[in-house]
There are 2 protein chains.
Amino acid sequence: MSEINSAFLTTVEKLWEEKKYNTLRDVLSTMQPAQVADLLAELPENAPAMLFRLMPKELAADTFVEMDSDMQEALIKSFSDTELKGVLNELYMDDAVDLVEEMPANVVRRILAQADPEMRKSINELLKYPEDSAGSIMTTEFVALLPHLTASDAITSIRRTGMDKETVNTCYVIDQYRKLLGVVTLRTIVMAQEDQTMEELMEENVVSVSTLEDQETVARMFSDYNLNVLPVVDKESRLVGIVTVAAAIDVMEEEATEDISKMAAITPTDKPYLKTSVFTLYKSRIPWLLLLMLSATFTGMIITHFEGVLSFSIALTAAIPMLMDTGGNCGSQSSVTVIRALSLGELHFTDLLKVWWKEIRVAMMCGVTLAAANFVKLILVERISPMIAATICLTLLFAVLIAKFVGCTLPILADKIGFDPAVMASPFITTIVDALSLLIFCGFAGMLLTGAAA
Amino acid sequence: MSEINSAFLTTVEKLWEEKKYNTLRDVLSTMQPAQVADLLAELPENAPAMLFRLMPKELAADTFVEMDSDMQEALIKSFSDTELKGVLNELYMDDAVDLVEEMPANVVRRILAQADPEMRKSINELLKYPEDSAGSIMTTEFVALLPHLTASDAITSIRRTGMDKETVNTCYVIDQYRKLLGVVTLRTIVMAQEDQTMEELMEENVVSVSTLEDQETVARMFSDYNLNVLPVVDKESRLVGIVTVAAAIDVMEEEATEDISKMAAITPTDKPYLKTSVFTLYKSRIPWLLLLMLSATFTGMIITHFEGVLSFSIALTAAIPMLMDTGGNCGSQSSVTVIRALSLGELHFTDLLKVWWKEIRVAMMCGVTLAAANFVKLILVERISPMIAATICLTLLFAVLIAKFVGCTLPILADKIGFDPAVMASPFITTIVDALSLLIFCGFAGMLLTGAAA
């Protein structure tokens, strides 16, 4: 949806070339910040800085947040100090921190120099939290109310201070030491009697997280508890910030992308695909490819070792790709299903027996179906001797059983010992299953065929 | 986080056995609905219905929404008509619709009979929208205000009608035909002068979607535009409902799970893993396994066809698993990266040339590294003749190039012709790449080795 229609882009480009700046200003003002950011990215190099100055101040700041970091950097470099100060003043704390985290050191120095002292202090504090922690994704702009405040006092207080806050829909009640006591929504305050106090109105049962909580857990809580905002407290239970649902959604997408990358044996990168350099892509892929290539050596060694057995019939060698592919596919079905269930919090180590019991039954059903279908095909279509076909299909059944067992077990074990289960997805499972099923294959072939031939 | 600690579970079970119902009521009242739902699922069969009646009415309703459908069904069956009516009255419209969609027909009839006429009408209307459309995930409970209303009138109106609405933080301004004119937040109304009208206060630039919009697009918009709520309009631009951020998050998770399932060649299912029956798992996996097994027949046919060439050295046959695995891994790295970028809206068909240029360079770098590493290993460790090692490594380079090219192209083409790109992930790519690289392998071997031998 944030894609810019090409007819629309042409219109804007024409207006730009014809220097119809007032028209452009009016056009941009009808758009959402994310759309404006996408549009600016498509225009000639000098256009963004110029158009940015034309836009209404608030739209400009919101658009700035939606830009990718290359464009933000270029824009900041084109700003005068006063302009930079103006943009920074319009930013919410969490966006300012994101900006500082992504800019090179010289730009960061300029940003910190132009930020007002209070913002500079907050940025520096937020930067102290470890990456991927609740502290690193929270904003320090929330409305805090004291317990004795009445509803009408609270509304006055929100009217006075709330304009700059990221959200006023959810307000927090704190004591004089900033300890979190409860939560009260703007809706409750508006609907209350004028003289009811925050203490009476607040909900005491507040879900909160500590600053060091993992961001993935924080995102899960938004989904489990249907939250719109989540308060963050320090070790002394003092309220230090809030995580907004927008920040949580970003984390969810980031984590899903990470899981998917790991499942395909890629080291996750933060940047969008088209912005990632060829060398970064290379670096994120080559170590896994080398590792997996070397481990595939084992399958090669097994084949060399059983040369005598395999030479019994070319049909045996011809079946190897099918056995390996099917084993790999079965294993990745199980591992990916289990990995996703783990990451959605539906599955835990204590469920291991349940998982085994389920997967073994599924594996039996899949294995028997596949072996039977393959047997019929080998006999009727390829007209292979029944003994060879039996060897192949018996191996297939065992390969499916092993693949599903290994596929469902390894991610759960990895999770238990604190590893990321997503790494235990298809490529690793495939390599293990390949070696095991080749061993079984050659073993069966040795027993059933060369024994029979002798 | 929604996992129930086992010590805590033991406490609750003891309280239940000792019939300390008042204590249980107090304990449950301190918990979040999602936690209560998880807890009830762990207790003896007759406990949920009993505890449910003990809980405060609102907590009970919120807990009901968080339960899985089996438990909801069991609970409804245990309800008297009056109890059912009570629970239904506390539900938001979108939750009531979800419930009706998941229950068997006889339970649905009872629900519709006990729902009040207005709710029955809304449920029936919402059920008419196609599955996975914006209409099917929206709620009809929102605050609509007329443009001439002043801020103080608006607050009076919200106080009167707002209690039952899913959100009052965002209110919509509509004309007398219910046409959507603008949006105004509760915050803006609270902060405004008493006599300012909605027309003056509202933001006219509202992002909205049509009832038939795909739910995945709707979820994307929440993330692209940082929304908390999104209005849904019918063909005549009349406001008919709103999608909440909680509904959007559910869709995001559902869609990510679907993508991941398809990438591993599994037909997606809606239910959590542990709740899915063995037969359902079997049905979602076996068609793909059969299809992929049959297509692996081609690789077998290639091997049979080139029997003469492969018999030149067992080292050639031993290299087949490594070539196939590496090709498969390279292909799935590219396809998965591209599929994720497509589903995050970062990539479009028009970027195909950019993707090719990027992937070809990455493939060259990966291919050369892998071939070189493998060549050294074959010569120094396995002491294979340089000619055979060259054949294997040359094939490896080509296999990587082909794998990355096919891997990045197929998902983009699938997307272009309206197929789900996630289906074009590892298993399919692997099968295609396997066959192509085996052909190249046997071709090279024929040219370089048997030619040299002759």
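**Note on the predicted two-chain model**

1. Helix α16 of chain B, residues 245–263, lies across strands β5 and β6 of chain B and runs at about 65 degrees to β6(B). The model is a predicted one, and the points below should be read accordingly.

2. The sheet under discussion belongs to chain B. It is open and has three strands, in the order β4-β5-β6, with mixed pairing. Its edge strands are β4(B), residues 209–210, and β6(B), residues 239–244, each of which pairs on one side only. Strand β5(B), residues 229–233, pairs with β6(B) in the antiparallel sense, and five bridges join the two. One residue pair can be named here: Val232(B) has Gly241(B) of β6(B) as its bridge partner.

3. Also within chain B, helix α7 (residues 81–90) packs on helix α9 (residues 105–114) with the axes 9 Å apart and an angle of about 75 degrees. Since angles of 65 to 115 degrees count as roughly perpendicular, α7(B) is therefore roughly perpendicular to α9(B). On the α7(B) side the contact is made by Asp81(B), Leu84(B), Lys85(B) and Leu88(B), and on the α9(B) side by Arg110(B), Ile111(B) and Gln114(B). By class, these are three nonpolar, one polar and three charged residues.

4. The contact of α20(B) with α22(B) has 19 nonpolar, eight polar and two charged residues.

5. Turning to the interface, 97 residues of chain B are in contact with 97 residues of chain A. Helix α20(B) supplies the largest share of the chain B side, 18 residues. By class, the residues on that side of chain B divide into 53 nonpolar, 28 polar and 16 charged.

6. Helix α21 of chain A (residues 352–381) packs on helix α17 of chain B (residues 278–295) at an angle of about 35 degrees, the axes being 9 Å apart. The crossing of α21(A) and α17(B) is right-handed. Residues of α21(A) in the contact include Lys358(A), Arg361(A), Met365(A), Cys366(A) and Leu370(A), while those of α17(B) include Leu281(B), Tyr282(B), Arg285(B), Ile286(B) and Leu289(B). The contact of α21(A) with α17(B) has 12 nonpolar, two polar and three charged residues.

7. The last point is the relation between the chains. Two copies of a chain are related by a rotation about an axis and a shift along it. Here, chain B is superposed on chain A by a rotation of 180 degrees with 0.0 Å of shift along the axis, at an RMSD of 0.1 Å. That is the relation of a two-fold axis. The C-alpha of chain B nearest the axis belongs to Asn169(B), 3.2 Å from it. Of the interface residues of chain B, 100% are also interface residues in chain A, so the copies meet through the same surface.

How values were computed: Residues are numbered from 1 along each chain as its sequence is written. Chains are lettered from A and ligands numbered from 1 in the order in which they are written. This is a predicted model: local features need pLDDT of at least 70, side-chain atom pairs count only at pLDDT 80 or more; totals for chains, interfaces and linings use all residues. Copies are superposed by least squares on the C-alpha atoms of residues with pLDDT of at least 70 in both. Two residues are in contact if their C-beta atoms, placed from the backbone, lie within 7 Å. Ala, Val, Leu, Ile, Met, Phe, Trp, Tyr, Cys and Pro count as nonpolar, Asp, Glu, Lys and Arg as charged, and the others, Gly among them, as polar. Two strands pair if DSSP finds at least two bridges between them. Helices (H or I, at least four residues) and strands (E, at least two) are DSSP runs, numbered from the N terminus. Axes are lines fitted to C-alpha atoms, for helices over the stretch in contact, and angles run from 0 to 180 degrees between N-to-C directions. A crossing is left-handed if the near helix is turned anticlockwise from the far one by less than a right angle, and right-handed if clockwise. Angles under 35 degrees count as roughly parallel, over 145 as roughly antiparallel, 65 to 115 as roughly perpendicular and the rest as oblique.
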